[in-house]
Amino acid sequence: NFFLDFENAQPTESEKEIYNQVNVVLKDAEGILEDLQSYRGAGHEIREAIQHPADEKLQEKAWGAVVPLVGKLKTFYEFSQRLEAALRGLLGALTSTPYSPTQHLEREQALAKQFAEILHFTLRFDELKMTNPAIQNDFSYYRRTLSRMRINNVPAEGENEVNNELANRMSLFYAEATPMLKTLSDATTKFVSENKNLPIENTTDCLSTMASVCRVMLETPEYRSRFTNEETVSFCLRVMVGVIILYDHVHPVGAFAKTSKI
C-alpha cells in the first residue's frame, strides 16, 4: 500500500508532456461546473410560446432565450470530447509496459492525480445534470423550432451554432442520465479495444488498484491524517465510486462478481 498525494503531487520530467496536455483541459473544468450550476433554462419563455402559438413576439422571445443556452450546451458537449482525449492520453501512460499498475500509480502520482480529477469532475457534472430537467427541455424545443423554421424557409441565426449532425450527437449525449461518465466509459472501452497488444488486465488493474488505494487512504488514520484539506475525503470517495463504475463497464465480468478485484 502507498499514499497517493492527491493534494500536492507534482509531475516528474517523464510525466510532463502528458501532464501539460491534460492540464490544459482540466483548467477549464471548474468554469464548466459553474456554468452548469447556474444554468436556469428557458422553461417560462418556452411555456408562454407554446401556449400562445400565434403570438410572434412570444415565439421570438423564447427563441432568443434558448439560442444562447444551446451555445452553453454545445460548450459542455465539446468539453466532454476534450476530456475523453485527455483520459485516453492518461490511460496510455498509466498502463504502458513494463511497469505494473501499482508501480505506475506510485511512480506517476501527478498523472494519477489528474486521472482522479477527471473522475471527480465527471461525477460532479453528472450530479448537476441529473437534477436539471431544463437542459433536455431547452434542447428539444430548440430542435423542434429549428426544423419548423427550415420547413418555412426562415433563416435561423442559431443554426450556425449547432448543425444537424452535431445536434444529433448532443441529443444522444444529453439523453444519458450520466453523460460524462458514459463518455469516459466508452473512451476506456475504446482504449482497450484499440490497444490489442496491451492485456486488458493492465487497464482493469489500473482501475482496481486506484479504487483500493483510495479505500486504504480513507481507512488508515495515518494516511488520512496527512490530508490538509477537508474536501480531500469527499474527493477520494467520489474518485473511488468513479473508478469502480469504469471498472464495471470495461471488465468482461464486471465489478460486482465474486472474482472481481474490487
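Predicted model: local features only at pLDDT ≥ 70, side-chain atom pairs only at ≥ 80, totals over all residues.
**Helix α8**

Select residues 164–175, the 12 residues of helix α8. The end C-alpha atoms of α8 are 16 Å apart, which agrees with the 16 Å that 1.5 Å a residue should give. Now show the side chains of Leu-166, Ala-167, Met-170, Phe-173 and Tyr-174, which are buried. These residues lie on the same side of α8, because they cover an arc of only 120° around the axis.

At the N-terminal end of α8, select Asn-163, which caps the helix with a side-chain oxygen 3.3 Å from the backbone nitrogen of Glu-165.

**The nonpolar core**

Next, select Phe-115, Phe-121, Phe-125, Tyr-142 and Met-217, which touch the most other members of the largest nonpolar core, a set of 84 residues. Helix α4 gives this core its largest share, 18 residues. Centre on Phe-121: beyond its neighbours within four places in sequence, Phe-121 contacts Ala-29, Ile-32, Leu-33, Phe-79, Leu-83 and Met-180.

**Thr-189**

Finish in helix α9, at Thr-189. Thr-189 is partly exposed, with a relative accessible area of 37%. A polar atom of the Thr-189 side chain lies 2.8 Å from the backbone oxygen of Ser-185. Leaving out residues up to four places away in sequence, Thr-189 touches His-249 and Val-250.

Technical notes: Residues numbered from 1 in each chain as written. Heavy atoms only, no water. Helix = DSSP H or I, 4+ residues; strand = E, 2+ residues; numbered from the N terminus. Expected span 1.5 Å × (residues − 1). Buried < 20%, exposed > 50% of the residue type's maximum accessible area, 1.4 Å probe, protein only. Arc of directions from axis to C-beta. Polar contact = N/O pair within 3.5 Å; in protein donor to acceptor, adjacent residues only side chain to side chain. Core = buried A, V, L, I, M, F, W, Y, C linked by side-chain atoms within 4.5 Å. Contact = heavy atoms within 4.5 Å.
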